[in-house]
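My notes follow in the order in which I looked.

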Amino acid sequence: MAENPPSTPPGGNGASPGEGTSGREDPDGPAFPEGVPCWIDAHLPDVEAGKRFYGGVFGWDFENARGSVWARSGGETVAALVPKRNGRMPTVWTVYFATPDATALSGRIRSAGGRIVVPPTPVDSLGVMGLAADPEGAVFGLWQAGTHPGFGRRHEPGSFTWAELYARDTAAANTFYTGLFHDALFGPDAVPDFGRASLRDVFPAEMPPHFLVHFGVADGAAALGVLSRLGGRVQVPPFETSYGWVAVVTDDQGASFALLQR
């Protein structure tokens, strides 16, 4: 769970999964539609170590900003690395869903049986952030865009490509998220970046429900080799899904994520 506001450089909307995108089709157009994953960050005990690890695995460059680090791929922003300010909080990647009104969405989350972990909080002129948990406890972020719409690049190697929710009750999860984000998941123009799966399909039963951020890779086996050399480990060996080849891994500080080869 992210404990601080997301560090948010300029970015933009993208296209369908599998298509490389860098910014919105119209740079002066709207932010991401509600319910679309629009930003990710990792809260780490050692950000400098995180730069070495993720720079090696994904070829990212970094820029210091507002007490955190912005990660760039091909000159476009893809993620943030944020220093943990509370050692009791988990080391984890968090996915943020776009919304035009974080306060209104927070009310809908409560009404649907979820809870608000961090109420909507302004982040300068960049936007408004919040953190929520679904009825099973899986934590996700909310982002109401100001000057920062979201990703500058996605759906390419080294950038966000998919978010998978691992839930104990997938039917209940579908009901909850469909109620919140129907158009993004099932609307006429929807091309979702967000799936739901049974926790027990991949993880031990004692694992809590959670979101897993997937990064695109051109060569999964090669990426696993680099990751292992840099101190990461394989949590779940590669397996095939409806959306591609996936391996669940952790970085050298314990943050879990997935590699996705399409």
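**Ground rules.** I call a residue buried under 20% relative accessible area, exposed over 50%, and partly exposed in between, with a 1.4 Å probe and protein chains only. By that cut-off, 54% of the 262 residues in the protein are buried. The model is predicted, so I kept to pLDDT of at least 70 for local features and 80 or more for side-chain atom pairs, while totals for chains, interfaces and linings use all residues. Residues are numbered from 1 along each chain as its sequence is written, and side-chain values use heavy atoms, with hydrogens and water left out.

**Overall.** I took helices (H or I, at least four residues) and strands (E, at least two) as DSSP runs, numbered from the N terminus. The protein has four helices and 14 strands. I count a contact when heavy atoms lie within 4.5 Å. Of the contacts between residues at least 6 apart in sequence, 67% join residues at least 24 apart.

Two strands pair if DSSP finds at least two bridges between them. I read the order of this open sheet as β2-β3-β4-β1-β5-β8-β7-β6, with mixed pairing. β2 and β6 are at the edges with a single partner strand each, so one side of each has no neighbour in the sheet. Ignoring direction, neighbouring strands are turned by 25° against each other on average.

Inside this sheet I checked two pairs. Strand β1 (residues 37-44) runs antiparallel to β5 and is joined to β5 by six bridges; W39 has Y96 in β5 as its bridge partner. Strands β6 (residues 115-123) and β7 (residues 127-133) are also joined over six bridges in the antiparallel sense, and I116 is bridged to A132 in β7. β6 and β7 make a hairpin with three residues between them, and D124 in the turn has a positive phi of about 50°.

For directions I used axes, which are lines fitted to C-alpha atoms, for helices over the stretch in contact; angles run from 0 to 180 degrees between N-to-C directions. α2 lies across β6, β7 and β8 (139-145) and runs at about 180° to β6.

**T99.** Where does T99 lie? I found T99 in the loop between β5 (92-98) and α2 (102-111). T99 counts as buried because its relative accessibility is 3%. A polar contact is a pair of N or O atoms within 3.5 Å; within protein, one must be able to donate a hydrogen and the other to accept it, and residues adjacent in sequence count only if both atoms are side-chain atoms. The T99 side chain reaches the backbone nitrogen of D101 at 3.2 Å. Leaving out residues up to four places away in sequence, T99 touches E34, L105, L142, W143, Q144 and A145.

**Six-stranded sheet.** This open sheet has the order β10-β9-β11-β14-β13-β12 and mixed pairing. Its edge strands, β10 (194-198) and β12 (233-241), each pair on one side only. From one strand to the next, the twist averages 25°. α1 packs on this sheet and touches β11 (210-216), β13 (244-250) and β14 (256-261), with its direction at about 10° to that of β14. Strand β9 (residues 160-167) pairs with β10 in the parallel sense over five bridges, and L165 stands opposite R196 in β10. Helix α3 (residues 170-186) lies across β9, β10 and β11 and runs at about 170° to β10.

**Helix α1 and G59.** At the start of α1, a side-chain oxygen of D46 comes to within 3.1 Å of the backbone nitrogen of E48. I listed the buried residues of α1 as V47, A49, G50, K51, F53, Y54, V57 and F58. G59 follows α1 with a positive phi, near 75°, in the loop between α1 and β2 (61-65). Is G59 buried or partly exposed? G59 counts as partly exposed because its relative accessibility is 48%.

**Cores.** I define a nonpolar core as a set of buried Ala, Val, Leu, Ile, Met, Phe, Trp, Tyr and Cys residues joined through side-chain atoms within 4.5 Å. In the largest, of 63 residues, Y54, W93, F140, Y177 and F257 touch the most other members. α3 gives the most to this core, with seven residues. Another core, of 13 residues, lies apart from it and includes W162, Y166, A197 and F203.
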